[in-house]
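Q: Can you walk me through this one? I'd like to start with a ligand.
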Amino acid sequence: MPKDKIKVLLLENIHDNAVGYFEAQGYRSVERLKGALDADELKAKIADVHMVGIRSRTKLTADVLQAANKLMCIGAFCIGTNQIDLTAAKKLGIPVFNAPYSNTRSVAELVLGEVIMLARRIPEKNWSTHNGGWLKTADGAVEVRGKTLGIIGYGHIGTQLSILAEAIGMKVRYYDIVEKLALGNARSCPTMEELLADSDFVSLHVPSTPKTKNMFTATEMAQMKPGAMLLNASRGNVVVIEDLVKALESGHIAGAAIDVFPSEPASTRDMFESPLRNMPNVILTPHIGGSTLEAQANIGTEVAEKLVKYSDNGSTLGAVNFPEVQLPLQETGSRFMHIHNNVPGVLSSINEVLSRRSMNITGQYLRTDGDVGYVVVDVQEQVEAGLGIRHELEQIPGTIRTRFLL
Ligand SMILES: NC(=O)C1=CN([C@@H]2O[C@H](COP(=O)(O)OP(=O)(O)OC[C@H]3O[C@@H](n4cnc5c(N)ncnc54)[C@H](O)[C@@H]3O)[C@@H](O)[C@H]2O)C=CC1
Ligand SMILES: O=C(O)CCC(=O)C(=O)O
């Protein structure tokens with residue numbers, strides 16, 4: 001299909017850089033919407049598009065993906081991909097690409113700023129001053145120098161935060177389920193319990209997984225030091241909000257900064273509802289940990305590049321749900337892509353089809369995982385679209401989809 005016929009749909013106000021990149025690469029049919037779409041709107045819209053770009057608000061469920069008959073690939077213009085049914089996408093032969101680092105620094109900076117705000121009891125003072133009060137007091141306000149920050153999830157964001165926190169004189173302890181190299185003077189904790197007992201501030205930086213769902217409950221909160229503060233800029237279902245409300249009301253947790261929520265408004269038209277709304281010692285932000293101009297600009301280019309590379313070249317390098325194949329540029333001849341269920345015999349069937357037609361194979365790339373296989377074959381011949389090879393490849397048992405680059 002010529003590039004100018006490939007339809008790209010970008011939701012949730014994805015940065016201009018993405019649009020610019022697609023257009024510069026010859027993709028002329030790029031539609032960008034400011035907000036997210038609900039399931040029905042999305043199903044209607046996605047039926048006609050070849051690439052879709054989303055951020056955290058759009059839910060690409062198995063049901064929505066079933067309606068996406070022409071969809072070739074998905075771009076998550078963010079880090080987290082829990083809003084996408086990755087397995088369903090894979091089984092439909094749709095790779096998903098994200099931007100694993102582009103907003104890391106933005107989240108770490110926000111969290112560090114919030115640690116200082118919480119330490120100085122700014123949320124209460126800000127709330128009071130807006131309402132005509134004048135809480136000019138040092139009560140409960142402390143420097144962060146010498147205090148301990150406990151980081152749960154010592155990945156890209158957790159480690160950035162660790163470096164920034166040490167730079168302003170904090171002690172850092174971390175807990176991760178995977179052994180991680182301690183940066184600077186940070187020290188790892190063998191258990192989360194030990195981290196909680198030792199930390200003045202606890203910040204969560206884990207991904208959304210079945211294990212992290214509701215991992216922070218009344219039990220973990222009770223293990224925190226009395227008067228400690230909790231920060232969550234990871235995912236909303238990691239912390240049990242009702243338990244947090246109780247811990248804040250009792251004063252055991254003295255303050256919190258929460259950027260992500262179990263239920264977030266799908267659009268700016270919807271009201272944000274949370275029992276935390278009336279608590280003056282809580283910083284509430286609307287899932288903007290990664291929302292800086294720098295991060296959004298970088299993400300826009302990075303994910304658009306990955307989508308274009310897959311579309312132009314077949315490369316799945318960086319896909320989060322798909323066998324990764326890094327491909328050289330296709331200089332001459334033709335390239336076939338074959339995505340299939342991972343069952344024995346598919347590769348030999350592909351080769352049989354090509355050899356029946358006396359094709360000279362110049363390159364062949366295969367990667368599989370437990371579910372699917374991805375084969376890319378370069379042939380010397382300039383194959384005419386009408387030759388029907390693609391049709392024959394589609395008849396191979398187990399085929400999910402095929403593509404053809406001339
Ligand atoms: N608020 C926002 O706007 C943003 C939120 N995020 C969220 O932050 C999360 C973390 O991002 P990165 O640091 O880039 O991810 P990452 O994958 O680099 O690091 C996550 C770390 O958590 C660890 N981990 C996983 N399960 C754990 C558990 N049960 N207990 C302790 N550690 C565990 C992993 O081993 C890994 O080291 C993302 O998955 C995303 O959900 C990311 C960007 C922006
Ligand atoms: O910017 C967004 O919409 C989502 C940011 C985020 O949570 C992520 O990158 O995982």
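A: Ligand 2 has Arg 55, Ser 56, Cys 78, Ile 79, Gly 80, Asn 103, Gly 290 and Ser 291 around it. A residue counts as near if its C-beta atom, placed from the backbone, lies within 6 Å. This is a predicted model: local features need pLDDT of at least 70, side-chain atom pairs count only at pLDDT 80 or more, and totals for chains, interfaces and linings use all residues. Residues are numbered from 1 along each chain as its sequence is written, with chains lettered from A and ligands numbered from 1 in the order in which they are written.

Q: How does the shell around ligand 2 split by class?
A: It has 2 nonpolar, 5 polar and 1 charged residues. Ala, Val, Leu, Ile, Met, Phe, Trp, Tyr, Cys and Pro count as nonpolar, Asp, Glu, Lys and Arg as charged, and the others, Gly among them, as polar.

Q: And which residues come nearest to ligand 1?
A: Gly 80, Gly 153, Gly 155, Pro 207 and Gly 289, out of 32 around ligand 1.

Q: Which helix gives the most to that shell?
A: α7, with 3 residues. Helices are DSSP runs (H or I, at least four residues), numbered from the N terminus.

Q: New topic: which residues of α12 are buried?
A: Val 346, Ile 350, Val 353 and Leu 354. Buried takes 20 or more other C-beta atoms within 10 Å of the residue's own; exposed takes 12 or fewer.

Q: Why are they on the same side of α12?
A: Because they cover an arc of only 95 degrees around the axis, taken from the directions from the helix axis to the C-beta atoms.

Q: What's exposed on the face turned away?
A: Ser 348, Ser 355 and Arg 356.

Conventions
Helix = DSSP H or I, 4+ residues; strand = E, 2+ residues; numbered from the N terminus.
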